[in-house]
Amino acid sequence: MTNQNVVVPDTKSGISLPMVRLSGSSIFPATAQKPPTAPGTGGGGCISLSAKKKLLLENLEINGGGGAAKINSWVDSMRASSPTHMKSSSQSLSEQHQQQITLPSALDNFDQIMEASRGKQIVMFLDYDGTLSPIMRTTVRRLATCFPTAIVSGRCRDKVYKFVRLAELYYAGSHGMDIKGPEKGSKYTKGTEPVICQPASEFLPMIDEVFKELVAKTKLTPGAKVENNKFCVSVHFRCVEEKKWSEVAEAVKSVLNKYPKLRLSQGRKVLEIRPTIKWDKGKALEFLLESLGFANCTDVFPIYIGDDRTDEDAFKVLKEREQGFGILVSKVAKDTNASYSLQEPTQVMDFLQRLVDWKKLAFQESRM
């Protein structure tokens, strides 16, 4: 493909910053494409979702038309992905456990993971919501002194930065569609300019229009919250009564039908409208590895920790590259391409702290 040297605005300073030029890169598609279908069950992880639920999720993400039947399909999908409904299954916990293929614990297998990384550069990728917590800021800062570290989130990049407030990290917001590298304080920064990547910048005016329309459409639905995440719009229904979910689905459908260049996807109790470009957290991971000089290296070891369905794109990339591991943060069974699991953010903090301690010990031993 052709080289790209895109100029994008920095919203805080008002100054246009050049995006890093990547020669011969294959991560920028020449034309917009439909997103790939969700990975199958051969992903080496927990398997408990029914075929019906998978079909509902795929139907929700790919199709945007239809009438009442389509709304009902969306609501069924919203129910299927609801943690409340997953927990209220008629099956007993023991029956559910018997149907699961449990991922090995990343904590219990820490030494095995470190052995696999021997002689390679570890690069850390962390989702924010459901993976990190505000009290982990000190641990993440220590982590960034040991390894290149990126926060990859569905939220707007500026919002995530306000939560974390660590200038030495890479930040990928809007599911990887808004990436910026550290301006200072990182020994892994390449070149004199910060890494910038906004592959969907042409969609910004459209996203703003959709946001305003959805705010107006959902204002009479109690509990509905519409969030502008810059390159995508998120409609949260966590606080909406279930009997009102069809109102949310109808509002989203009525707006989405007017924008054929946008598509719908679903997270945990959230409907998200995004550009149709072939870009996701997996593409963001590849871009960042390339920016760090690890595009075609065999001595890199990426570790991606996340809890959301959108993190599966990154897990899948790592599996296909046969480099590093994905770590799923979840207490319930999920179809996944991750290799290991952690149950909650406190375990994530323990894992990250062990990484830091391991790195310090390795450095001390190298100096003996």
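What is the volume of the second largest pocket? The legends below take up this question and others. This is a predicted model, in which local features need pLDDT of at least 70 and side-chain atom pairs count only at pLDDT 80 or more, while totals for chains, interfaces and linings use all residues. Residues are numbered from 1 along each chain as its sequence is written, and side-chain values use heavy atoms, with hydrogens and water left out.

**View 1. The second largest pocket has a volume of about 480 Å³.** On a 1 Å grid over the protein atoms alone, a pocket is an open set of points with protein on both sides within 12 Å along at least five of seven lines, and lining residues have an atom within 4 Å of a point. Volume here is the space filled by probe spheres set on the points, which are joined across faces, edges and corners. Of the 24 lining residues, Asp-129, His-236, Arg-268, Val-270 and Asp-308 lie nearest the centre. Strand 8 (225-228), strand 9 (233-236) and strand 11 (270-275) each give two or more residues to this lining. Strands (E, at least two residues) and helices (H or I, at least four) are DSSP runs numbered from the N terminus. By class, the lining has 2 nonpolar, 10 polar and 12 charged residues; Ala, Val, Leu, Ile, Met, Phe, Trp, Tyr, Cys and Pro count as nonpolar, Asp, Glu, Lys and Arg as charged, and the others, Gly among them, as polar.

**View 2. An open sheet of 4 strands runs in the order 8-9-11-10, with antiparallel pairing.** Strand 8 and strand 10 (262-267) each have a single partner strand, so one side of each is left without a neighbour in the sheet. Two strands pair if DSSP finds at least two bridges between them; strands 8 and 9 are joined over 4 bridges. Look for Val-226, which stands opposite Val-235 in strand 9.

**View 3. The largest cavity holds about 70 Å³ of space.** A cavity is a set of grid points where a 1.4 Å probe fits but cannot get out, and the structure holds 4 cavities of 30 Å³ or more. Among the residues lining the largest cavity are Tyr-128, Leu-132, Met-136, Val-140 and Phe-163. Helix 6 (137-146) and helix 7 (157-164) each supply at least two lining residues. The lining divides into 8 nonpolar, 1 polar and 1 charged residues.
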